[in-house]
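Take a first walk through this protein. Start with the overall fold, then move to single residues.

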Amino acid sequence: MASPDWPKRSGIAFGLVAFAVLIAQACRKALREHGNDFTCYLDSGTAALAGTSPYDPDAYFEFLYSPFFAMLMAPLSVVPAAVAAAIWGLLSAIALVFAIRWIRARTLGGVRTLARQDAALLALLVAIGFRIVHANFANGQANLIMVGMAVAFLRSLQLGRDRSAGFWL
């Protein structure tokens with residue numbers, strides 16, 4: 001007889017495989033000739049380390065963020081691009097899972113078990129949001145990390161941790 005935890009375990013296994021595929025795809029795209037958004041971020045980190053401007057209007061992907069973001073990217077710019085892309089993908093996955101778990105806990109009042117209706121809703125959300133999430137991973141975008149940071153900001157405010165909230169903002 002199957003364990004009553006099989007849906008949860010199957011979902012976790014599927015999620016891990018999906019994240020691994022998305023991260024592998026992101027690494028592959030980051031290493032192509034023109035790179036992707038993430039390689040633009042890495043170039044900005046290299047520029048920050050060199051003390052030059054990250055804003056190159058002739059770049060294939062133009063850097064549109066603040067100089068502070070370029071400084072945050074500096075540590076990733078000193079490791080091989082594939083390693084940096086994998087780290088970025090992992091951070092994106094962690095941010096997405098954190099945001100989903102926190103929002104779910106707030107909307108369902110801390111209920112920990114997944115009911116059949118929850119599984120159907122989750123499947124619907126995955127179907128609707130897959131293209132957006134896929135594009136963020138494939139293009140190495142910062143959106144999922146920004147969502148995670150916004151949720152961390154809200155969580156910190158809820159817990160009365162103003163300094164922490166300021167950090168995440």
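The model is predicted. It holds 7 helices and 0 strands. Read from the N terminus, the elements run α-α-α-α-α-α-α. The protein has 169 residues, and buried ones make up 31% of them.

Turn to helix H4, which covers residues 81–107.

Which residues of H4 are buried? The list holds Ala84, Ala85, Trp88, Gly89, Ser92, Ala93, Ala95, Leu96, Ala99 and Trp102. An α-helix has 3.6 residues a turn, so residues three or four places apart point the same way.

Arg106 also sits in helix H4. Its relative accessibility is 41%, so Arg106 counts as partly exposed; that class lies between under 20% for buried and over 50% for exposed. Arg155 is 49 residues away in sequence. From C-alpha to C-alpha, Arg106 and Arg155 are 9.9 Å apart.

Next comes the loop between H2 and H3, where Phe61 is found. Phe61 has 25% relative accessibility, and therefore counts as partly exposed. Tyr41 lies 20 residues from Phe61 along the chain. Their C-alpha atoms are separated by 9.2 Å.

Glu62 has its place in this loop too, between helix H2 (37–50) and H3. Is Glu62 buried, partly exposed or exposed? At 45% relative accessibility, Glu62 is partly exposed. Glu62 also belongs to a negative surface patch. Asp43, Asp56 and Asp58 are the other members of that patch.

The last stop is helix H3, residues 67–73, which contains Phe68. What kind of surface patch does Phe68 form with Met71 and Leu72? The patch is nonpolar. Together, the three residues have about 330 Å² of accessible area.

How values were computed: Residues are numbered from 1 along each chain as its sequence is written. This is a predicted model: local features need pLDDT of at least 70, side-chain atom pairs count only at pLDDT 80 or more; totals for chains, interfaces and linings use all residues. Side-chain values use heavy atoms; hydrogens and water are left out. Patches are made of residues with over 30% relative accessible area and no salt bridge: like charges are joined within 9 Å, nonpolar side chains (Val, Leu, Ile, Met, Phe, Trp, Tyr) within 5 Å. Accessible areas come from the Shrake-Rupley method with a 1.4 Å probe; for residues, only the protein chains shown count as cover. A salt bridge is a side-chain nitrogen of Lys or Arg within 4 Å of a carboxyl oxygen of Asp or Glu. Helices (H or I, at least four residues) and strands (E, at least two) are DSSP runs, numbered from the N terminus. Lys and Arg count as positive and Asp and Glu as negative; His and the chain ends are not counted. The place of a charge is taken as NZ of Lys, CZ of Arg, CG of Asp or CD of Glu. Buried means under 20% relative accessible area, exposed over 50%, partly exposed in between (1.4 Å probe, protein chains only). The expected span of a helix is 1.5 Å times one less than its number of residues.
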